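Here is a short briefing to read alongside your structure. Keep the model open as you go, and take the topics in any order you like.

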Amino acid sequence: MIMAGIDYFNGLLYGVPAVRLSKLQRLQYSAARLITHTLRYCHITPLLLVLHWLPAKFRICLKIAEISFKTIHNMGPAFLSNLINIQQCSRYNLRSIVGVILQDHTAKFKCTLGDRSFTAAVPKIWSGLSDYIRKENDFDMLKRLIKTHYFKEADSDLS
C-alpha cells in the first residue's frame, strides 16, 4: 500500500533534480524500515535488496519503460501513441538495429521542462535498454527483464 502511494504518478518526476527526488527516496527508506522493523541508523541498501525494491530514480524509469512498451505495442492509450514516433527500418539489414527504435526529439527542446516531457523522455529510456529487452514481445517477461536491468544499474550506482 505504501509503495502504491509512492508509485502514483511517479512518471511525472522524470528529470526532476535530485534534491526533489530525495524526499521521495527518504519516504521509501522509511517505508522499508517500517516494514522490516529495523532501526533508523541501520544501513538501508540491504533492506531494499531484501524487499526487492528499486530506488526512486530507477522506479520512475521502470514505469516509463513499461508505459512506452504498452504504447509501442498498441496496448496503451491512443493519445500516447501519437506522442512517440517509431523509427522506420532502413532497407539494409543492419546488426545494430535490434528491436523497436524510437526517434529522439531532444534536439527540438531547449529547456529542461521540454526534456522532461513524455515525447523526449521515452526515446532516452527506451534506447538505454539492452537490445534483448527491446526485442521482447511479452509484457510480463519484459517487466522482469527491465527490473533486472535497473537492479544492475542501481547496484553499480550504489557501489
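I2, L34 and I35 together make a nonpolar surface patch of about 270 Å². This is a predicted model, in which local features need pLDDT of at least 70, side-chain atom pairs count only at pLDDT 80 or more, and totals for chains, interfaces and linings use all residues. Residues are numbered from 1 along each chain as its sequence is written, and side-chain values use heavy atoms, with hydrogens and water left out.

**The surface patch**
- A patch is built from residues with over 30% relative accessible area and no salt bridge, joining like charges within 9 Å and nonpolar side chains (Val, Leu, Ile, Met, Phe, Trp, Tyr) within 5 Å.
- The accessible areas come from the Shrake-Rupley method with a 1.4 Å probe, and for residues only the protein chains shown count as cover.
- I2 belongs to helix α1, residues 2-7.
- With a relative accessible area of 34%, I2 is partly exposed; on this scale buried means under 20%, exposed over 50%, and partly exposed in between (1.4 Å probe, protein chains only).

**The overall fold**
- The protein chain has nine helices and zero strands, where helices (H or I, at least four residues) and strands (E, at least two) are DSSP runs numbered from the N terminus.
- Along the sequence, the pattern reads α-α-α-α-α-α-α-α-α.
- Of the 159 residues in the protein chain, 35% are buried.
- Helix α7 is mostly covered, with seven of its ten residues buried.
- Those buried residues of α7 are T119, A120, A121, V122, P123, I125 and W126.

**The largest pocket**
- Rolling a probe the size of a water molecule over the atoms shows where empty space is left.
- The search uses a 1 Å grid over the protein atoms alone: a pocket is an open set of points with protein on both sides within 12 Å along at least five of seven lines, whereas a cavity is a set where a 1.4 Å probe fits but cannot get out, and lining residues have an atom within 4 Å of a point.
- Grid points are joined across faces, edges and corners, and a volume is the space filled by probe spheres set on the points.
- The largest pocket holds about 460 Å³ of space.
- It is lined by 17 residues, and G11, L12, K63, I64 and I67 are the closest to its centre.
- Helices α4 (56-72) and α7 (118-127) each supply at least two residues of this lining, and α4 gives the most, with five.
- By class, the lining of the largest pocket has nine nonpolar, three polar and five charged residues; Ala, Val, Leu, Ile, Met, Phe, Trp, Tyr, Cys and Pro count as nonpolar, Asp, Glu, Lys and Arg as charged, and the others, Gly among them, as polar.

**The second largest pocket**
- The second largest pocket has a volume of about 290 Å³.
- Its lining has 17 residues, with L21, Q25, P55, K57 and D157 closest to the centre.
- At least two lining residues come from each of α2 (18-36), α4 and α9 (139-158), and α2 gives the most, with five.
- Twelve nonpolar, three polar and two charged residues make up the lining of the second largest pocket.

**The salt bridge**
- Side chains of opposite charge can pair when their charged atoms come close.
- Taking a salt bridge as a side-chain nitrogen of Lys or Arg within 4 Å of a carboxyl oxygen of Asp or Glu, the count comes to one.
- The partners are D131 and R134, at 2.3 Å from N to O.
- Both sit in helix α8 (residues 131-134), three residues apart, about one turn of the helix.
- D131 is partly exposed at 36% relative accessible area, whereas R134 is buried at 9%.

- I146 lies in helix α9 and is buried, with a relative accessible area of 0%.
- I146 and C61 are 85 residues apart in sequence, and their C-alpha atoms are 9.4 Å apart in space.

**Two loop residues with positive phi**
- H37 is not a glycine, yet has a positive phi of about 55°.
- H37 lies in the loop between α2 and α3 (45-51) and is exposed, at 73% relative accessibility.
- N74, not a glycine either, has a positive phi of about 55°.
- N74 is found in the loop between α4 and α5 (78-81) and counts as exposed at 65% relative accessibility.
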